[in-house]
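The sequence and structure come before the details.

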Amino acid sequence: MSSGIRSLTLADHPAMASTSHINIEDPAQLLPYLRGLGLIGDDDEPDFQVLTGGVSNRTVWVQRQKREDWVIKQALQKLRVPVDWFSDPERIQREAAGLRCLGRIIPGHVPKVVFNDTQNNILTMTAVPQPHFNWKTALLSGHTDVRFAQSFGELLAKIHNAALCHPELAEEFAEQRFYEELRLEPYYGYTATQAPKAAPFLTQLIEATRARQYALVHGDYSPKNVLIHRESLVILDYEVIHFGDPAFDIGFSLTHFLSKAHHLPARHDAFLDMASHYWRSYLLELAPHLHDTVRHLAVQHTLACMLARVAGRSPLEYLDGIEREGQKRIALDLMRQGISEVPDLIEAVGAELGHIRE
């Protein structure tokens, strides 16, 4: 990556102060915006490609001739989902802080900030070099390489360990407003209204996780947010990063392996194996003093996220109606069983999925 990257704000460019309500998905607006900031020359003619798949931002890939490509993100106030879901666009500033922080914690696995427009809530970062592929897309195609699951676990543990060497992170990322807006309410609070049988479980989990400030938490740790370049994982999307309950990251991420085991029965065993490798690699890298902290609520967060991804504000788009109902039944059933260890949960989910196929 280029060593000449600048970190700018509109304070450095008073002439751009009136650039409000820009839509970066419109090239006729984006091109003069970039030129006005001096980020590209008047003779530069980059190609723009709108990137789809996310619900909380406008995202554009900027392809520059003979220069490093960029990705530009603009936070939305109303997220692109069927139900009403709102969040303050200022969360893009939290993402910029997360990128800078994790660039020190897991260097080489995080894009670099190019500039941060605080007025329009637009963030530009370096693009992951080509060729690369999205891990979620590969998983849904049935490519289940456990090496990537192991790396995924190791990188998460390094994030959770970060405060050991950087205790100032507890204060820098103490605010949990965006975690509330983008995770606790839409995933747990809203789901409790849609699945009343789970309401006591979810309410207790919300209270427990709010009270836990133990580690730096990514908050959106998902295969969707992983690009793989030269066999190496690059982790994206930091708008929910905060200091809090690390077990949430485990539940959020494990849900993706378990849901794909449900969706792709021919690869059922492979996805369960990936989940196990992910968990073991994570624990091997995790600081010993955090083991009990994570184990305490990892199972509860996994079950809550499994239910939320079929009954919450952001359901998994690849699960059909029958699969969603099946996953809902599994989550509700396992919530009643009092499972306390992640390996036992993975085994129990596998058994439940086996019953569905019979």
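The notes below begin with the basis of the model and then take up each topic in turn.

The model is predicted, so local features need pLDDT of at least 70 and side-chain atom pairs count only at pLDDT 80 or more, while totals for chains, interfaces and linings use all residues. Residues are numbered from 1 along each chain as its sequence is written, and side-chain values use heavy atoms, with hydrogens and water left out.

**Helix α10 and its partners**

- Helices (H or I, at least four residues) and strands (E, at least two) are DSSP runs numbered from the N terminus.
- Helix α7 (residues 199-210) and helix α10 (residues 291-311) have axes that come within 11 Å and cross at roughly 125 degrees. Axes are lines fitted to C-alpha atoms, for helices over the stretch in contact, and angles run from 0 to 180 degrees between N-to-C directions.
- α7 and α10 are therefore oblique to each other. Angles under 35 degrees count as roughly parallel, over 145 as roughly antiparallel, 65 to 115 as roughly perpendicular and the rest as oblique.
- The crossing of α7 past α10 is left-handed, a term used if the near helix is turned anticlockwise from the far one by less than a right angle, with right-handed used if clockwise.
- On the α7 side the contact is made by F201, L202, L205, A208 and T209, and on the α10 side by L297, Q300, H301, L303, A304 and L307. Contact means heavy atoms within 4.5 Å.
- The residues of this contact of α7 with α10 comprise 8 nonpolar, 3 polar and no charged. Ala, Val, Leu, Ile, Met, Phe, Trp, Tyr, Cys and Pro count as nonpolar, Asp, Glu, Lys and Arg as charged, and the others, Gly among them, as polar.
- The axes of α10 and helix α11 (residues 321-335) come within 9 Å and cross at roughly 155 degrees; α10 and α11 are therefore roughly antiparallel to each other.
- α10 also passes α11 in a left-handed crossing. Here L303, A304, M306, L307 and V310 of α10 meet R324, Q327, K328, I330, A331, L332, L334 and M335 of α11.
- The contact of α10 with α11 has 10 nonpolar, 1 polar and 2 charged residues by class.

**Helices α9 and α12**

- Helix α9 (residues 268-285) packs against helix α12 (residues 342-357) at an angle of about 170 degrees, with the axes 10 Å apart. That makes α9 roughly antiparallel to α12.
- H268, L272, A275, S276 and W279 of α9 make the contact with V342, P343, I346, G350, L353 and R357 of α12.
- The contact of α9 with α12 divides by class into 7 nonpolar, 3 polar and 1 charged residues.

**Nonpolar cores**

- A nonpolar core is a set of buried Ala, Val, Leu, Ile, Met, Phe, Trp, Tyr and Cys residues joined through side-chain atoms within 4.5 Å. Buried means under 20% relative accessible area, exposed over 50%, and partly exposed in between (1.4 Å probe, protein chains only).
- The largest nonpolar core holds 98 residues, of which L102, Y188, L216 and L307 touch the most other members. α10 gives the most to this core, with 12 residues.
- Another core lies apart from it and has 16 residues, among them L30, L37, I40 and V62.
- Leaving aside its neighbours within four places in sequence, Y188 is in contact with R183, L202, L205, I206, F248, H301, A304 and C305.

**Selected helix residues**

- T293 is placed in helix α10 and counts as buried at 13% relative accessibility. Apart from neighbours within four places in sequence, T293 is in contact with R212, Y214 and P246.
- R329 is placed in helix α11 and is exposed, with a relative accessible area of 53%.
- R329 and E352 are 23 residues apart in sequence and 9.4 Å apart in space, C-alpha to C-alpha.

**Backbone geometry in loops**

- The peptide bond from Q130 to P131 is cis, with omega near 0 degrees. P131 lies in the loop between β5 (122-126) and β6 (133-134).
- N121 is not a glycine but has a positive phi of about 55 degrees. The loop between β4 (113-117) and β5 holds N121, which is buried with a relative accessible area of 11%.
- R230, also not a glycine, has a positive phi of about 55 degrees. R230 is in the loop between β8 (226-229) and β9 (232-235), and is exposed, with a relative accessible area of 75%.
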